[in-house]
Amino acid sequence: MSQIDIRTTIREKYGEMARAGAPGKAGRTSCCGPSTNGCCAPAADPAALASAIGYDAGELARILPDGANLGLSCGNPGAIAALKPGETVLDLGSGAGFDCFLCGPKVGAAGRVIGVDMTPDMLAKARANIAGYSARTGLANVEFRMGEIEHLPVADASVDVVISNCVINLSPDKPQVWREIARVLKPGGRVAVSDMVLLQPLPEAVRGMVEAYVGCIAGASLLEDLRTMLREAGLVQASLTPKPEYVSTLSAGDDPLYQRIRAGLPAGTAPGDYITSMDIAARKPGACCAPGCC
Ligand SMILES: C[S@@+](CC[C@H](N)C(=O)[O-])C[C@H]1O[C@@H](n2cnc3c(N)ncnc32)[C@H](O)[C@@H]1O
């Protein structure tokens, strides 16, 4: 697929997801059903998946407006970020606002959270969720901007922490995304990203499946390419930690996308041999003031 085709397909499929709402809700149809092109493996039970990948159920119940968790996440970037009151957080591919709303109380009234997404229906859903978030928390510190993560609608050196949850794999130009992250971070700013990463190249049968691309698998970077992109963007202190529980949870269940992927893999191998969710932490170098600082 060309870059334009990828963006169009991603917008279409995630637009469908936004309109359908969370699984289990009235009117929701699975976009991973056999007659569709898949999506980022939305969990049948988003709350159960969130618990499996490290979210605190009590925190979700207390803070999240109904419909903000669409079951599209593959990790918990807010937990990697170690946020402090007053910080500015930027969420790349914010979807219905899931991680933005969870980060809001951590940065408090003096901080702010900006979500960026390129899918109009997703953006509309996230914006509609702000009222429920404010009613639950008393905060008005989350906003959502329309935009592509390759061309962020955010000023240079204005963000303390960039987070993202299962999105960068979908970009047709990942080196550009990492350069944009470095551009918007303040000196010393942090990266706290969860994303899908390849441990070895996928077989052609899976690489060519459109639903595997939309489903956050076929577009994933190889681990060594990810390291190179971080370094070439000027980011330092990279720490890449595999989180196998996401793939093992979906592989063990009856997720239709993972069943199709499994059918395209060589006998005796499993999705987890090829792909994992990963916690990706790094920093933009700060002003150097002492020997050994970066
Ligand atoms: C798998 S969903 C994850 C949503 C959210 N991060 C979550 O965990 O619930 C991917 C989201 O990224 C958005 N997206 C994908 N590619 C994008 C791009 N190149 N620029 C901006 N948004 C993008 C989609 O519209 C969708 O909302």
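The legends below describe views of a predicted model.

**Figure 1. Overall fold of the predicted protein, with its 12 helices and 8 strands.** The radius of gyration is 18 Å, close to the 19 Å that the globule rule gives for 294 residues, so the protein is as compact as a globular protein of that length. Taken along the principal axes, the C-alpha atoms fill a box of roughly 55 × 45 × 35 Å. Buried positions make up 49% of the 294 residues. Of the contacts between residues at least 6 apart in sequence, 75% join residues at least 24 apart.

**Figure 2. Packing of helix α1 (residues 3-20) with helix α6 (residues 120-137).** The axes of α1 and α6 lie 7 Å apart and meet at an angle of about 35°. The crossing of α1 past α6 is left-handed. On the α1 side, the contact is made by Tyr14, Gly15, Ala18 and Arg19. Pro120, Asp121, Met122 and Lys125 contribute from α6. By class, this contact has 4 nonpolar, 1 polar and 3 charged residues.

**Figure 3. Buried residues of helix α7 (residues 174-184).** Lys174, Val177, Trp178, Glu180, Ile181, Ala182 and Val184 are buried. Two charged residues, Lys174 and Glu180, are thus listed with the buried positions of α7. An α-helix has 3.6 residues a turn, so residues three or four places apart point the same way.

Definitions and conventions: Residues numbered from 1 in each chain as written. Predicted model: local features only at pLDDT ≥ 70, side-chain atom pairs only at ≥ 80, totals over all residues. Axes fitted to C-alpha atoms, helices over the stretch in contact; angles between N-to-C directions. Helix = DSSP H or I, 4+ residues; strand = E, 2+ residues; numbered from the N terminus. Left-handed = near helix turned anticlockwise from the far one by under 90°. Contact = placed C-beta atoms within 7 Å. Rg over C-alpha atoms; globule rule 2.2 N^0.38 Å. Buried ≥ 20, exposed ≤ 12 C-beta atoms within 10 Å, placed from the backbone.
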